[in-house]
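Colleague: Please show me the model, and then I will ask about particular residues and spaces in it.

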Amino acid sequence: EKVASGIFGKTVLEDGKYKVEGMSLVDALNQVIGKTYTASCSRTFGDSGCGISLPAVTVTGTLTGVASNYVVVDSSRYEPSDTFTYGTFEFTSGPNVGLRPIEIKSYDVSGVIELFDSAYYTPVVGNTYKMIYGCRKRLEDCSTKYNNVVNFFGFSFIPVSSTYSSIGSR
């Protein structure tokens with residue numbers, strides 16, 4: 001008996017397992033074709049269009065504390081808070097070495113690093129890592145954090161839908 005109709009979407013090999021998207025025929029109508037204009041930058045941080053050199057914004061270190069699989073600490077970090085927020089964190093030693101980098105949810109000047117996803121294995125004090133500075137894809141980041149406004153590819157001044165769909169008043 002026919003249960004559903006659709007097509008296979010993106011297939012990814014992640015942590016030794018295949019993950020296949022199942023897409024319904026309606027999903028074809030939701031595909032973006034052509035260029036989209038958004039307030040956030042559409043470039044990938046560190047690519048040729050962005051112009052930021054990833055090796056220049058990559059740091060390494062050693063964990064001095066572990067609160068959980070989501071929160072790790074390197075008390076020797078000195079960068080200002082929010083420097084690594086939305087950047088990536090990758091283990092270079094320990095049981096998590098070789099796994100995909102994890103996006104950073106927040107970074108505090110005291111060296112507390114909170115990750116969006118859990119580390120697969122519990123990290124331990126002494127594990128080494130590398131971190132890449134973060135980019136929230138905002139004009140503010142490009143101008144103040146990286147001095148890279150010339151390569152910003154967002155459209156911050158497009159009015160939001162509530163602006164142009166509001167009813168005028170007398």
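Predicted model: local features only at pLDDT ≥ 70, side-chain atom pairs only at ≥ 80, totals over all residues.

Modeller: Residues are numbered from 1 along each chain as its sequence is written, and side-chain values use heavy atoms, with hydrogens and water left out.

Colleague: Which backbone oxygen lies 2.8 Å from a polar atom of the N148 side chain?

Modeller: N148 sits in the loop between α1 (139-145) and α2 (161-164); helices (H or I, at least four residues) and strands (E, at least two) are DSSP runs, numbered from the N terminus. Because its relative accessibility is 7%, N148 counts as buried (under 20% relative accessible area; exposed is over 50%, partly exposed in between; 1.4 Å probe, protein chains only). Its side chain has a polar contact of 2.9 Å with that of N151 (a pair of N or O atoms within 3.5 Å; within protein, one must be able to donate a hydrogen and the other to accept it, and residues adjacent in sequence count only if both atoms are side-chain atoms). The backbone oxygen at 2.8 Å belongs to C50.

Colleague: Which backbone nitrogen does the side chain of N127 reach?

Modeller: N127 is placed in the loop between β8 and β9. At 5% relative accessibility, N127 is buried. Beyond four places in sequence, its contacts (heavy atoms within 4.5 Å) include G61, L63 and F91. At 3.0 Å, its side chain reaches the backbone nitrogen of V124.

Colleague: How far apart in space are the C-alpha atoms of Y107 and S81?

Modeller: Y107 lies in strand β7 (residues 102-107) and is buried, with 5% relative accessibility. A polar atom of its side chain is 3.3 Å from the backbone oxygen of E79. S81 is among the residues that Y107 touches. Y107 and S81 are 26 residues apart in sequence, and their C-alpha to C-alpha distance is 5.7 Å.

Colleague: What is the volume of the largest cavity?

Modeller: On a 1 Å grid over the protein atoms alone, a cavity is a set of points where a 1.4 Å probe fits but cannot get out, and lining residues have an atom within 4 Å of a point. The search of the whole structure finds one cavity of 30 Å³ or more. C50, N148 and N151 are among the residues lining the largest cavity. Its volume, the space filled by probe spheres set on points joined across faces, edges and corners, is about 60 Å³.

Colleague: How much space lies in the largest pocket?

Modeller: A pocket is an open set of points with protein on both sides within 12 Å along at least five of seven lines. Its lining includes F45, Y86 and I132. The space in the largest pocket is about 200 Å³.
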